[in-house]
Each structure stands twice: as structure tokens, then as C-alpha cells.
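Here is a briefing on where two parts of a protein meet and what spaces lie there. Look over the sequence and structure first, then work through the points.

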Amino acid sequence: MKPGAWRLVGNEERLFLVVAVFIGIYAGLAVVCFRLAIEAVRLQLLGSELAPDWWRTLLMPAAAGGVVAIMVNRVFPTVRGSGVNQTKAALYIYDGYIAFRTVVGKFLTCALAIGGGQSLGPEDPSLQIGAGLGAMFGRRFRLSREHLRFIPPIGAAAGLAAAFNSPVTAVLFVIEEVIGRWSAGVLGAVVLGAVASVVTEQWFLGDQPLFRVPDYHLVHASEMLAYAGLGLLGGVLSLVFVKGVVTLRPRMRALPVWTWYVQPVAAGLLIGAIGLRFPQVLGDGYAAIDGAMHDQFAWPVLAALCLLKVLTTTASFVSGTPGGLFAPTLFVGAMLGGAVCGLQRLVAPEITGPIGAYALVGMGTMFAGTLRAPITSVFMIVEVSGNYSIVVPVMVSNTIAYLVSRQFQRVALFDQLARQDGVDLPSMEEEREHRALTVEGVMRAADGITLAGDETVAQAAARAAQLSTEHFLVALPHGWAGISKTDLQALRKQVGDRPLAAELQPLAPPYLYPDQSLDVALRALGQRPLVPVVHRADGAQLVGAVALEDLLRAYRAAEG
């Protein structure tokens with residue numbers, strides 16, 4: 001970038017936000033092209049969705065899998081996987097670098113795979129396409145390393161927002177699962193990128209939501225029991241799905257290299273064979289989700305589609321075919337929710353709400369249980385439905401599914417996939433669940449470390465000599481002072497009969513509070529041997545003190 005360009009935008013912080021808008025616009029355009037490419041491939045390979053030819057249904061997923069296998073293994077080896085972990089790796093390992101070749105490869109292989117009937121979704125690839133475009137813009141504008149690292153997550157939020165037509169969901173997912181920690185500047189850039197992307201996407205494809213959602217209302221309070229049961233079933237099914245993927249994927253990769261070309265073909269044949277009876281399992285399945293929401297399937301069909309989609313998606317993903325897990329997860333959840341509603345109608349029809357509500361809640365339930373993004377899963381359903389009243393059953397069902405999944409699968413899916421690939425990425429879930437070490441748990445009690453400022457130096461020295469502590473805090477009229485036992489004895493020889501407070505200066509802030517983290521305490525210590533810990537409501541009330549050895553002891557105990 002030319003030096004004069006810096007003056008046009010003022011400074012790099014402003015440039016960072018301007019770049020975020022450009023990333024959003026181009027990511028939105030890319031996702032529009034991606035969706036159109038998937039639809040074009042689907043029409044060419046599978047034909048009409050209403051009446052597909054049997055031979056197309058049987059053979060085209062396998063043919064698409066074979067071509068994709070050659071492309072992935074020979075030309076685009078970096079496009080494997082869903083794209084979420086690759087974006088995290090760009091942030092935490094590669095200083096924001098994603099090769100533009102990866103963007104091209106992801107676009108082509110996923111459009112062919114999903115359009116050709118492989119049981120995967122476009123959202124995760126859209127996320128990586130946006131991240132890759134963002135990385136290209138970051139390099140072009142020559143941003144600093146600090147800002148360049150956060151460019152791929154901005155592009156990821158933009159790509160996901162355009163794919164879902166839901167900016168809030170995209171922002172929350174990227175913040176919750178990719179970045180983890182953020183500053184106001186990063187959050188603002190992520191929001192700008194997501195909004196610009198959605199506006200661009202809606203300019204070309206319209207502002208219609210991803211699904212036609214029927215009106216929701218809670219028929220009876222006891223209906224919450226059905227939603228709780230849906231959460232339990234969703235948690236169990238999430239476990240089956242996740243454990244199937246994380247168990248089979250490394251085993252398939254451990255097979256001879258020549259099988260890497262055959263595995264997507266075999267997965268395609270399995271999908272095609274199932275598709276002869278249940279063509280809804282082919283591709284992303286959005287049309288089937290819409291049909292489930294509007295009561296177009298009997299509950300046994302919904303239950304069968306739910307289980308078969310788990311099977312076909314597992315086959316596609318573990319075979320090495322690039323594509324996403326978002327859409328299949330939502331598909332499984334919608335079918336599961338619809339099946340639960342159908343059973344509820346048989347048992348208690350008078351208290352059963354509309355099937356669309358159960359399908360929506362099921363989508364959030366599977367998202368929370370499979371992808372382990374509980375906050376995103378709630379807001380996603382609220383944003384897609386446009387109805388805040390559905391939030392209560394969503395929260396109940398999602399929470400149960402999340403807890404069941406976490407109880408029996410301790411490592412989240414994306415974290416497990418990264419570790420299988422030999423990449424040690426930070427786990428946002430583990431960081432959330434990690435118990436923070438606080439000052440309250442390591443501080444010394446106030447008794448035995450404090451001296452009165454109104455007593456004489458000699459009296460204070462005499463009392464200090466009887467204590468084992470080396471450093472003391474002295475109460476002053478306005479704050480606290482610190483003094484060591486050695487300095488106190490030297491001071492006694494000079495002015496033993498003077499008040500101790502008259503010889504000391506108050507410690508400069510900051511003081512500590514009991515609820516603060518040890519990281520804050522370490523920075524507050526600086527070169528000081530002891531820092532006072534005071535009550536938040538009364539700064540003159542000492543509740544303890546912290547020394548460096550206290551912090552080290554706590555860290556060693558935590559490691560042990």
C-alpha cells in the first residue's frame with residue numbers, strides 16, 4: 001500500500017474498519033456466486049429436484065466424489081475439512097495467512113461436492129472462503145501483524161453471515177468459537193464485515209430468510225416436557241454423530257493413499273443408494289428442512305431421514321470430501337424435532353404445538369449438541385424465526401443437549417478434529433469451563449501483616465520482630481503504605497519515637513479486589529513485594545494482601 005493511503009484513512013485502526021467493510025462486500029459477492037454455483041451443478045448433475053432420474057440419484061454423488069477426490073489430493077490439498085479449524089489456524093498459527101489458492105479450491109470442490117449430492121453443507125466453506133478473501137485484503141493493504149491476524153475471522157463472519165442471511169448468528173459464532181477473546185476494535189470490525197456481507201447478499205438474492213418459518217405459540221405449559229425430551233434425544237443423537245466422525249475419520253486417513261481417491265466415491269454410492277428411497281438426504285437438504293417445518297412428511301419418514309442423514313453425512317465427511325457440517329446438523333435437528341412433534345400428536349394432540357416450532361427447536365438442539373456453540377444456537381433460532389417467544393423452549397432443549405453432549409464427549413468436535421490433524425488450537429469451550437484463579441483464593445489474611453500508622457516506629461518495630469512476615473502494610477489516613485522488617489529496624493534507629501505514618505508515603509494505586517484474576521494481580525505487583533487487597537465497597541477496609549510467592553504457589557498448585 002502506498003504511504004499516502006495511510007493519511008487518507010487517518011491511522012491503521014480506521015483502516016482496519018474500512019478493510020472490514022470491503023471484506024464484507026467481497027465475501028457477500030463470493031457467497032452469492034458460491035450458492036449459484038451449487039445450484040447450477042445440482043441442476044446439471046441431479047436434474048429436477050421434484051422428479052430426479054434414478055440413475056442420476058444413484059451415480060452422480062459418486063461421480064462428483066471421484067472428481068473432487070482427484071482435485072483435493074492432486075491440486076488443492078489444503079481444502080480438506082469444513083473450514084472452521086483452518087480459519088482458527090490462520091488466526092493463531094499463520095499470522096492471518098490463507099492462500100488464495102485455498103479459496104479457489106474450496107469454492108470449486110465444495111460447489112461440485114454439494115451440488116453433486118454429497119451430504120454436506122455450504123456454510124462452513126462459505127466461512128473459509130470469506131476468511132481467505134479477508135486474508136488476501138489484509139496482505140494487499142499491508143496491515144500490521146496485530147491486525148492481520150484478525151482479518152480471517154472478519155472474513156469468516158462475513159462469509160457465514162451471507163450463507164445464513166443472519167449477521168447476528170455469524171458474529172456470535174466467530175466470537176464464541178473462533179476468536180474467544182476480543183477488543184472493541186475487533187468486535188466492531190467483525191460486525192461491520194458481517195453487516196456489509198448480508199447487505200450485499202440481499203441485494204442480489206433478496207432479504208427472504210433462509211427458511212419459511214410458521215408462526216409459533218406455546219399451546220400448553222406441559223409442552224415444555226416434550227421440548228425437554230427433544231433436548232435429551234438431541235444430545236444422544238449428537239453424541240452418536242460426533243463419536244462416529246471422530247472415530248472413523250482417523251481410521252479412514254490411515255488407509256493406503258490410493259484409497260483416498262476411492263473413499264469419496266464409496267460415500268457417494270452409499271448416498272445415492274439411500275437417495276433412491278429418500279432423495280432428501282442429498283446435498284444440503286434445505287428444501288427438506290422447509291418441508292419438515294410445514295408438515296409435509298409423516299413422523300416415521302422424519303425419523304428415518306434424521307438417522308439416514310447422520311449416516312450419509314458421516315460417510316461424506318470422513319471420506320475426505322470437503323464441505324460443511326452446519327446444514328446437515330440443522331437437517332438432522334429439523335427431522336428430529338418434527339418426529340418428536342408427530343409422536344406428541346399421537347400421545348397428547350390437545351397440547352401439541354405446530355410442527356414448525358419443534359423443527360426449529362430441534363435445529364438449535366442439534367447445533368448446540370454437535371457443534372457445542374450454545375449461545376450461538378439460541379440466537380440463531382431466534383434470528384431465523386424472527387419470533388422471540390420461541391426462545392424459552394430453545395433454551396431448555398439446547399441446554400439439555402449441550403450438557404448431555406459435554407458429559408459424554410469431553411472434547412468438542414472441532415477441537416477433536418484439529419488434534420487429529422496434529423494442530424493444537426486453543427479450545428474456546430475448555431477456556432470457558434476452566435476455573436479462573438482469583439486473588440481471593442491466594443491472598444494472605446490481613447491479620448499478621450498490618451501495622452498501625454499511629455503507633456511509634458519503635459513500637460511497630462518491636463511488634464514486627466515477633467512476626468515471621470518480612471513485609472508489612474501500614475494503615476495511613478488515606479491509603480496504605482508498605483515497609484519491610486529490615487527497613488523498619490533501620491528507621492527505628494533514626495526516629496524511633498515518631499509516629500510510623502509520618503515517615504511513610506502511601507502506595508500508588510492500583511490496589512486489588514478479591515474477585516480479580518491472578519493476571520491482574522501479577523501486573524499490579526510490578527516491583528512491589530506486597531499489594532493490598534481491599535473491599536470493593538470500602539477502599540479503607542483491608543481484606544488481605546498478595547505477594548509474588550503467593551501467585552507462584554497458586555500457579556504451581558493449578559499445574560499439579
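The model is predicted. Its mean pLDDT is 89, and 98% of the residues reach 70 or more. Over residues 1–10, however, the pLDDT is below 50; beyond near neighbours in sequence, this stretch has 13 contacts in the model.

**The domains**

- The protein is divided into domain 1 (9–205), domain 2 (222–424) and domain 3 (439–559).
- The C-alpha centres of domain 1 and domain 2 lie 22 Å apart.
- Contact between these two domains involves 47 residues of domain 1 and 49 residues of domain 2.

**The second largest pocket**

- This pocket holds about 630 Å³ of space.
- Its lining has 28 residues, and the closest to its centre are Pro-77, Thr-78, Arg-80, Gln-86 and Asp-421.
- Helices H4 (84–92), H11 (223–253), H14 (299–318) and H19 (413–420) each give two or more residues to the lining.
- H4 provides the largest share, with four residues.
- By class, the lining has 14 nonpolar, ten polar and four charged residues.
- Where does the second largest pocket lie? Domain 1 and domain 2 both give residues to its lining, so the pocket lies between them.

**The largest cavity**

- The whole structure has two cavities of 30 Å³ or more.
- The largest cavity contains about 90 Å³ of space.
- It is lined by 13 residues; Lys-88, Glu-177, Ala-412, Phe-414 and Asp-415 lie nearest its centre.
- H4, H19 and helix H20 (428–433) each supply at least two lining residues.
- The lining divides into six nonpolar, two polar and five charged residues.
- Both domain 1 and domain 2 give residues to this lining, so the largest cavity lies between them.

**The second largest cavity**

- The second largest cavity has a volume of about 60 Å³.
- Its lining residues include Val-68, Asn-73, Arg-80, Arg-253, Trp-260 and Pro-322.
- Helix H3 (54–75) and helix H12 (259–275) each give two or more residues to this lining.
- Which helix gives the largest share of the lining of the second largest cavity? H3 does, with four residues.
- By class, this lining has six nonpolar, four polar and two charged residues.
- Domain 1 and domain 2 each provide at least three residues of the lining.

Conventions
Residues numbered from 1 in each chain as written. Predicted model: local features only at pLDDT ≥ 70, side-chain atom pairs only at ≥ 80, totals over all residues. Heavy atoms only, no water. pLDDT = per-residue confidence, 0-100. Contact = heavy atoms within 4.5 Å. 1 Å grid on protein atoms, 1.4 Å probe; cavity = no way out; pocket = protein on both sides within 12 Å on 5 of 7 lines; lining within 4 Å. Points joined across faces, edges and corners; volume = space filled by probe spheres on them. Nonpolar A, V, L, I, M, F, W, Y, C, P; charged D, E, K, R; others polar. Domains from an automatic or database assignment.
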